[in-house]
Amino acid sequence: MKKLIIILLLTMSIITISEAIVDLNTATLQELKTQLPITEEQADDIYNYRFYISFFQSIYQLREIESIDQETLNLLKPLVSVSHYDEKDESAQRRDDIYYLIERLGSSEGLQEGMSDIWEDYLISPRNINKLAFSDILNLPNTSPIDVAAILNRVSVGDSISNYRDLRKSPGISYYGAKNLKNYIYYKEQPEMRDLYFDYQMKYNDSPYGDNEKEMYLESMIRFDPPNDDDPDTPVIKRQSYWGYFNMESHRASMMNKLRMRYKDQFKAGFIYETPKGSTPIFDSNSRTLFEDGKFYVGYENNINLLGRNFIKVYAGNFRATFGEGLVMENTDSYSPRKTGYGFNKRITGIIGDISRTQEYALRGIALDWKRNNLNAVVFLSSDKKDAVVYDSNENGELDDDDYILGYISMTNRFSNDELEEAEAFFNDYAGNENQVKIAPRLDALQEDIIGGHFEYSPFIGTHIGFTGYEAVYDREFVVPEEEELKGILIADDYYFDKWKITDNEITSMYSTISDEYGNRDYRRVVGFDWRTVLNNTSIQGEYAELQTDGSLGKIGDDPSALLISSYTQFDNIYLLSIYRDYDLDFDNPYHRSFSESERFDDTVFEKLTYGLNNTLLNDMYNNSAQPSAERGIYFETRYQFHQMLTLTKAYLDIWERKSDARRGVRAQVKLEFKPIHQLRFRLRHKHQVKRYDDEMERGKSQADETELKLVVYLSNFNKLQLGYVYARVLQPPYLSILSDPAEPGAPDMAQAQTLSDGDMIYLDYTHHFNENLKVIGAFSMWYANGASFWDFEDIELDFDMSDRGYKAWFNIHSRIANNVYLSLKYKYKQFLTRELEFREYNEIPDEGEYYFQRVEREENIVRLQLDWKF
């Protein structure tokens with residue numbers, strides 16, 4: 001007991017002594033006067049020396065001050081310290097202060113990739129909060145319309161905001177809204193900023209193809225017995241799929257280079273060039289150019305005093321255009337389920353330069369964005385070639401420029417047209433033309449010329465109404481054949497025609513430029529209007545859009561349409577979000593990116609019938625679909641802190657109906673956090689989803705449940721440990737085809753009833769900071785899936801584990817190797833049991849038949865490198 005008391009006393013003494021030490025480079029004048037045994041004159045001299053002459057590199061520099069003699073220095077030695085200090089300009093110092101935010105934004109993928117560039121610019125060069133427009137503030141991360149209205153209502157009456165504490169006092173603003181804004185804004189005096197900025201980023205990634213993409217490439221394109229192969233070195237069995245033909249096992253890693261430049265926040269430019277996995281580097285190809293395959297922009301943004309104060313943006317090259325709720329226009333290749341438009345899951349409205357990795361839906365041309373007081377007008381022009389699916393509509397036995405287009409396609413691997421044609425000729429020859437390729441994707445098959453615009457009027461703060469529209473003109477016809485003809489084009493053999501289900505209505509309802517209803521046209525036209533109003537602590541917004549077919553442009557409701565209405569209510573410790581959406585099956589707008597549960601072509605032959613498609617590459621129509629599916633539903637979401645220790649961090653409920661087959665589904669998730677002390681947190685998550693919940697006898701009914709329990713421990717120096725356990729349970733529908741049951745010799749064949757599968761996973765995540773410039777994040781996990789699947793977040797990436805069982809370990813080193821150079825190096829090792837794909841005859845049970853799956857052990861070694869140079 002005495003030893004314990006002594007240890008406690010020593011610990012308290014050390015803490016007291018540590019707290020008494022004053023840092024000469026950071027202490028305020030008041031701290032120098034009150035915490036050190038010196039006179040006021042000496043305190044003033046120390047402070048002035050640091051402010052006007054130099055920061056201290058050593059405590060012995062105190063002797064350079066006339067009023068500090070040796071006796072005073074000896075007295076101060078045990079009471080003061082000198083922290084390391086670099087002579088940096090204010091911009092460099094600011095970058096250091098927000099390094100953790102820049103690091104996170106610089107690693108963003110998918111939807112946030114382009115937006116991260118804008119947010120990073122705001123971090124480095126903050127804006128005056130007293131001069132920003134409504135949309136400018138709303139475009140910042142984690143700001144709500146209620147927060148924005150609270151700020152602008154205050155500024156509009158002449159009560160400018162002078163500091164962060166003043167911002168927090170704005171009536172109606174939330175704690176989180178003010179906290180999330182503080183790093184992106186300034187209040188009175190503009191911080192010192194450099195005139196010229198450059199930002200270079202390089203990414204190297206040798207991740208393998210995803211399971212769905214690999215299955216697509218591995219599936220055989222030769223469904224019949226080939227003739228004798230006269231090439232013993234590369235037998236046909238090795239070349240009967242795209243995977244074998246292109247030797248995709250040896251495909252090299254992807255490489256991306258991106259450069260951005262900014263001058264005085266007025267002139268901006270950017271360029272990106274990516275060499276995707278398996279493609280030929282630009283310097284090894286004579287047919288590709290940086291201009292054709294790369295993306296670039298140049299832009300100008302400034303306030304112009306012409307008949308009042310105007311703000312103007314002009315961008316040339318590649319740009320992103322987003323308006324309203326994304327029903328009419330939001331051009332990105334990425335799909336995000338349940339995209340609410342709030343928090344970090346939001347959209348930046350207006351025009352911005354685009355050097356994200358979006359390819360298929362990229363806009364290239366010129367765009368003008370003009371704002372003045374309560375008016376906003378945008379005009380944009382784009383001319384670009386698009387990849388598309390072409391089919392042999394003229395039945396001449398080949399795919400040529402006279403054939404019709406079925407639809408847009410984002411290809412996983414953009415093989416050249418020559419490569420695709422050679423592969424198709426090879427498959428046709430070996431199949432003896434019995435399964436001739438009649439449909440295939442083609443690069444740059446379609447010329448798309450777009451003219452579009454947006455006009456918005458705001459009668460008062462927090463309220464606006466806007467009108468958006470675009471017209472895309474094509475040089476080729478989009479034609480969707482009648483159902484029977486379409487089945488013959490898409491499906492390899494009529495044996496598989498019974499796989500065509502009612503859900504394939506989503507294919508037959510695709511847009512055609514030639515129709516019996518409206519004749520021939522060479523364009524697609526989409527128009528709509530959006531609105532928002534803020535009433536106290538509630539924001540109500542929405543958008544309505546129509547795809548013009550045979551209706552009148554000025555009449556609402558006579559064309560395929562889409563509608564989304566949402567409301568957001570905000571209190572100090574709770575928010576309530578509700579969203580209603582209703583998208584018609586015929587509303588085929590390729591730039592539609594609003595809230596939905598699933599992407600277009602879900603459960604169609606593009607997803608389910610890879611083995612039976614005329615061309616397995618059509619699987620990419622679903623794999624890389626960016627449009628929402630046609631559905632009607634209502635969604636609720638909330639966060640509620642009902643106790644200091646207990647918080648409902650997120651809970652949502654979505655009830656919807658899929659338009660293609662009237663299937664009704666429900667999905668709910670609850671996340672709960674218990675925090676007994678700040679350093680220790682217990683988190684519980686449960687997800688429940690039912691498809692076809694309204695019919696117990698329906699064959700397609702399925703149910704999935706997932707529960708996760710996580711322990712989070714926050715350690716010193718911002719280190720962290722997480723230990724988690726996940727349990728998943730899936731009730732699958734019955735399989736009504738006759739299966740052989742080998743349980744009893746001579747037993748009759750029987751159908752498979754409902755199947756209950758369950759699996760679990762355990763993981764350990766860690767974060768360790770070696771110092772302020774070096775940290776490592778990593779994890780180890782192992783799972784036994786048994787038919788279930790798990791989503792696993794790996795720092796800034798998402799991994800989908802659906803193998804039978806396995807384990808993986810990964811780590812990501814983040815290092816600031818110089819003042820302006822940042823390095824991220826990730827390595828992952830993954831070993832798992834999976835099922836080997838076999839190409840087989842339907843319902844035959846030989847050694848390797850339709851239902852034979854050989855379990856094989858696989859392993860992956862993945863390296864991901866990212867280098868950022870900011871100067």
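The expected span of a helix is 1.5 Å times one less than its number of residues; helices (H or I, at least four residues) and strands (E, at least two) are DSSP runs numbered from the N terminus. The model is predicted, with local features requiring pLDDT of at least 70 and side-chain atom pairs pLDDT 80 or more, while totals for chains, interfaces and linings use all residues. Residues are numbered from 1 along each chain as its sequence is written, and side-chain values use heavy atoms, without hydrogens and water.

**View 1. Helix α9, residues 145-156.** At 1.5 Å a residue, the twelve residues of α9 should span 16 Å, and the 16 Å between its end C-alpha atoms agrees with this. Just after α9, Gly 158 adopts a positive phi of about 85 degrees.

**View 2. Arg 600 in the loop between β21 (574-583) and α19 (605-608).** Arg 600 counts as buried because its relative accessibility is 2%. Not counting residues up to four places away in sequence, Arg 600 touches several residues, including Glu 506, Asp 588, Tyr 622 and Gln 627.

How values were computed
Buried means under 20% relative accessible area, exposed over 50%, partly exposed in between (1.4 Å probe, protein chains only). Contact means heavy atoms within 4.5 Å.
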